[in-house]
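This briefing covers helix packing, nonpolar cores and a few backbone details. Please keep the sequence and the structure at hand while reading.

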Amino acid sequence: MKSKWKKMLIASMACVALTSVSATSFAAYSLSTEVKTPTQALLQATEIGVRTYNTDNPELQKAPNKDAILIMSFGTTFPETRAKTIEATVKQIQAAHPDTKVMLAFTSHIIIDRIKAKEGITIPTPEKALDQLKAEGYNRVALTSLDIIPGIEYKYKTAVFDIYKTQFKKMTMGTPLMYWMGQENQRDDVDDAMKALSSQMPRIGTKYAVLIMAHGTPDPANAYYSVMQDRLNELYDNKVFIYTVEGKPSLEDIIPKLKAQGIENVTLMPLMMVAGDHATNDMAGDEEDSHKSILIKEGFNVKTYLHGLGENENIRQLFVDRADEAWNALEAE
């Protein structure tokens with residue numbers, strides 16, 4: 001799917017041409033035309049959407065292009081769901097770019113170590129992946145994220161972009177699954193993602209509800225869950241609820257709302273790329289403190305849907321679209 005984003009300048013072309021700052025390739029926000037000489041700090045503050053960096057290093061500028069795509073995910077130690085979600089998405093992105101080097105990196109150093117110990121598989125961090133790509137002569141890299149929202153994990157990835165971009169001829173950084181919310185004439189990623197869940201939704205009767213378990217984050221991006229709930233209310237007639245494992249709202253916040261509506265039957269499903277530890281144990285486990293057990297004790301009939309978002313073809317296509325946007329920015333002059 002081609003990018004729907006309209007290219008907009010965040011400053012005059014002359015200003016961008018004279019600096020090596022990262023210019024946003026696709027942005028919903030543009031500086032007022034009255035700003036004649038924006039400072040580098042102001043330019044950086046207005047970086048929105050897909051980020052693009054072009055070097056001003058003469059040696060790098062004259063080097064022939066050698067391109068790569070780096071896919072970054074938190075990762076999981078569950079091999080089965082990893083194959084059906086993360087690896088399936090990587091294969092789909094590779095299929096869309098058959099002649100391009102595509103590499104996968106995990107941001108969880110703990111998961112990387114555990115996979116190495118248990119499976120003998122070495123998956124690099126984003127930093128090590130970029131070191132390897134540079135050593136192999138790749139000088140233009142499109143970074144893409146398998147994050148759901150722009151929380152702490154996404155900030156790790158954008159930090160990698162900021163640290164490594166000057167070592168390459170050109171680097172771009174894509175957005176997570178949900179970034180835009182329909183503001184400033186941009187698309188509504190949240191609405192698109194919530195609509196994409198329709199393919200996995202059960203039939204929702206009068207006394208039925210679906211509880212979607214997200215991760216949660218201490219980052220202010222936790223507010224995205226409120227926007228998701230707003231879109232879900234419109235799409236599913238107030239019968240689908242978002243809650244988080246480590247944020248707000250919690251399961252305890254949702255239970256009174258279920259009882260107020262006379263809900264008797266609930267289906268639990270994860271809003272996570274993979275159906276890993278949180279989904280298998282925290283959500284659907286048989287321990288007394290699992291979400292399933294808590295809901296049963298509260299008198300609800302509970303079913304669980306143990307599939308990560310990466311198994312949903314509609315969601316997976318949205319991630320491929322995000323990778324394409326980062327790639328298109330890399331290819332743009």
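A crossing of two helices is called right-handed if the near helix is turned clockwise from the far one by less than a right angle, and left-handed if anticlockwise. By that convention, α7 passes α8 in a right-handed crossing. The model is predicted, and the points below are grouped by topic.

**Helices α7 and α8**

- Helix α7 covers residues 126-135 and helix α8 residues 152-164; their axes come within 10 Å and cross at roughly 35°.
- On the α7 side, P126, E127, L130 and D131 make the contact, and on the α8 side Y156, V160 and Y164 do.

- Helix α10 runs over residues 224-236, and at 1.5 Å a residue its 13 residues should span 18 Å.
- The buried residues of α10 are Y224, Y225, V227, M228, Q229, R231, L232 and Y236.
- These buried residues pack against α9 (189-196), β7 (208-214) and β8 (240-244).
- The axes of α10 and α9 come within 9 Å, crossing at roughly 55°. The two helices are therefore oblique to each other, and their crossing is right-handed.
- From α9, the residues V190, D191, M194 and K195 take part in the contact; they meet Y224, V227, M228, R231, L232, L235 and Y236 of α10.

**The loop after α10**

- D237 follows α10 and sits in the loop between α10 and β8.
- Although D237 is not a glycine, its phi is positive, at about 55°.
- D237 counts as exposed because its relative accessibility is 57%, where the cut-off for exposed is over 50%.
- N238 lies in the loop between α10 and β8, and is also a residue other than glycine with a positive phi, near 60°.
- With a relative accessible area of 36%, N238 is partly exposed.

**Helices α5 and α14**

- Helix α5 (residues 86-96) packs with α14 at an angle of about 50°, and their axes are 10 Å apart. That angle makes α5 oblique to α14.
- The crossing of α5 and α14 is right-handed.
- A88, T89, Q92, I93 and A96 are the α5 residues in this contact, and they meet R316, Q317, F319, V320, A323 and D324 in α14.
- Within α5, the residues I86, A88, T89, V90 and I93 are buried.
- The partners of these buried residues are β3 (67-73), α4 (79-84), β4 (101-106) and α14.

**Nonpolar cores**

- In soluble globular proteins, nonpolar side chains tend to be buried together.
- The largest nonpolar core here holds 49 residues, and the members touching the most others are L177, M178, M194, I212, M228 and L271.
- Helix α14 (residues 313-331) supplies the largest share of this core, with eight residues.
- Another core lies apart from the largest one and has 20 residues, including M103, A105, F161 and M173.
- Leaving aside neighbours within four places in sequence, L177 is in contact with D147, I148, D189, A193, L309, I315, L318, F319 and R322.

**The cis peptide at P249**

- The peptide bond joining K248 and P249 is cis, with omega about 0°.
- P249 is placed in the loop between β8 and α11 (251-260).

- L306 is in the loop between β10 (301-304) and α14.
- At 37% relative accessibility, L306 counts as partly exposed.
- Not counting residues up to four places away in sequence, L306 touches A275, A279, T280, M283, A284 and E311.
- L306 and E246 are 60 residues apart along the chain, and their C-alpha atoms are separated by 19 Å.

How values were computed
Residues numbered from 1 in each chain as written. Predicted model: local features only at pLDDT ≥ 70, side-chain atom pairs only at ≥ 80, totals over all residues. Heavy atoms only, no water. Helix = DSSP H or I, 4+ residues; strand = E, 2+ residues; numbered from the N terminus. Expected span 1.5 Å × (residues − 1). Buried < 20%, exposed > 50% of the residue type's maximum accessible area, 1.4 Å probe, protein only. Contact = heavy atoms within 4.5 Å. Core = buried A, V, L, I, M, F, W, Y, C linked by side-chain atoms within 4.5 Å. Axes fitted to C-alpha atoms, helices over the stretch in contact; angles between N-to-C directions. Parallel < 35°, antiparallel > 145°, perpendicular 65-115°, else oblique.
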